[in-house]
Amino acid sequence: MSQSPIKTIEISRLHIPFTQSIKVAIGEVMGTENIIVKITTGSGIVGWGEASPCCPYITGDTADTNYQTAQQLAKLIIGKAAVAIEARMAEINGFIVGEPSIRSAFDMALYDIAAKAANMPLYRFLGGERREIRTDLTIGWQETVEQTVAQAQAILDAGFDAIKMKTGRPGLCDVPHVKAVRELAGPDIAIKIDSNQGWDYPTAIANINAMKHLNLDYSEQPLKVWDYEGLARLRDKVNLPICADESVFTDKDALKLIKQGACDYLNIKLGKAGGIHMGLKINAIAEANGSKCMIGCFGESRLGLSAAAHLAMARPNITFLDLDSAYHFKSDPVIGGVTYDEKVGGLLHLPDTPGHGAEIDEIVLQETIKI
Ligand SMILES: [Mg+2]
């Protein structure tokens, strides 16, 4: 039964607006144009995957290119064994080097099928056991410090213990925002900053020095995506861990960053890595170097976040979680899967149903194509 071949693949569009747009140094996201992949095997096991190509300036793909590419990828793997994930992903990765968001959706659906075939929740299929996992919540760029503080207050009121702040503004303009949030939050709340490549080297030095008494966890992607050497120089110069995000897509990137001493932490996002199979490799490389990982997201619904949460639960080296995209959704199209605790802000609950446990209410899906 578990060797049952892939029988059909359905590709659909999912549009959900956010309650508030998220503005960062390199773009703004108002809502999400995601692609949903539903793979059904001959024995009737269904696997669900989601692509969220909302940031083409990071991943180089869009909902339109994902939608087209998905149809080609479907034809490539139909009729073949779903549970042979490494083989299927080698075919998919060999077909196209770009389009990581949609490659991730296929990977996620295949892992969903494999875990269901094994009758295990995905984290257990990946060799993990239940542990507490908790996400931060992100504050995007606000016009004024007062607006930033209001957002931080709402996050604290919701009971979160970690705040991620989008930085990367010109000059030292970030400093009063971060300082005000630390003063509001007190000493016990974790604060991380993410500049999304917005600083150059001297600006990064000046900002991190100006924030050195604010007890931050780390500085994420302070410099441009390609500037590994700058990251390494910065890391030598400041007393704050450096986390690579846009600079790391694959295991090869992770290895190069580590060899160059360019970062302390690596941010895995399934939509950059092309899925769980690559996320596991990045984490293994980080772990071998004694480096922690974080796991982040783009604009996934609780479907894509469920896959990421299972990976995080299965690998304790994935220490920092930023899986907050669905927190901003105007409506929730997902049945099952990961949920946010209603009292303890950021605490994530994963069901023990087989697979990643999430599926989409198909009534909201649009332009479905069946291969
Ligand atoms: Mg980031």
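In the predicted model examined here, Asp194 has its place in strand E6. Asp194 is buried, because its relative accessible area is 0% and burial is assigned under 20%. Not counting residues up to four places away in sequence, Asp194 touches Lys164, Met165, Lys166, Thr167, Glu220, Gln221 and Asp245.

An unreviewed UniProt entry places the feature "binding site" at Asp194, Glu220 and Asp245. Although these residues are spread over 52 residues of sequence, they cluster in space, with a largest C-alpha distance of 9.1 Å. Of the annotated residues, Asp194 is included in the lining of the largest cavity.

Strand E6, which covers residues 190-194, also takes part in the surroundings of helix H7. The buried residues of H7 pack against E6, against strand E5 (162-166), and against the helices H6 (145-157) and H8 (201-210). The buried residues in question are Asp174, Val175, His177, Val178, Ala180, Val181, Arg182 and Ala185. In general, an α-helix has 3.6 residues a turn, so residues three or four places apart point the same way. Helix H7 comprises the 12 residues 174-185, which at 1.5 Å a residue should span 16 Å; the end C-alpha atoms of H7 lie 17 Å apart, in agreement with that expectation. After H7 comes Gly186, with a positive phi near 80°.

A further element of the model is an open sheet. This sheet consists of four strands in the order E3-E2-E1-E16, and the pairing is antiparallel. Its edges are formed by strand E3 (46-51) and strand E16 (366-370), each of which pairs on one side only. On average, and with direction ignored, neighbouring strands of the sheet are turned by 20° against each other. Helix H4, spanning residues 100-117, packs on this sheet and touches E1, E2 and E3. The direction of H4 makes about 155° with that of E3.

Within the sheet, the pairing of E1 with E2 can be described in detail. Strand E1 runs over residues 6-24 and strand E2 over residues 27-41, and the two pair in the antiparallel sense over 14 bridges. In this pairing, Ile16 stands opposite Thr32 of E2.

Note on methods
Residues numbered from 1 in each chain as written. Predicted model: local features only at pLDDT ≥ 70, side-chain atom pairs only at ≥ 80, totals over all residues. Heavy atoms only, no water. Pairing = 2+ DSSP bridges. Axes fitted to C-alpha atoms, helices over the stretch in contact; angles between N-to-C directions. Contact = heavy atoms within 4.5 Å. Expected span 1.5 Å × (residues − 1). Buried < 20%, exposed > 50% of the residue type's maximum accessible area, 1.4 Å probe, protein only. UniProt positions renumbered as here; feature names shortened; annotations may be inferred. 1 Å grid on protein atoms, 1.4 Å probe; cavity = no way out; pocket = protein on both sides within 12 Å on 5 of 7 lines; lining within 4 Å.
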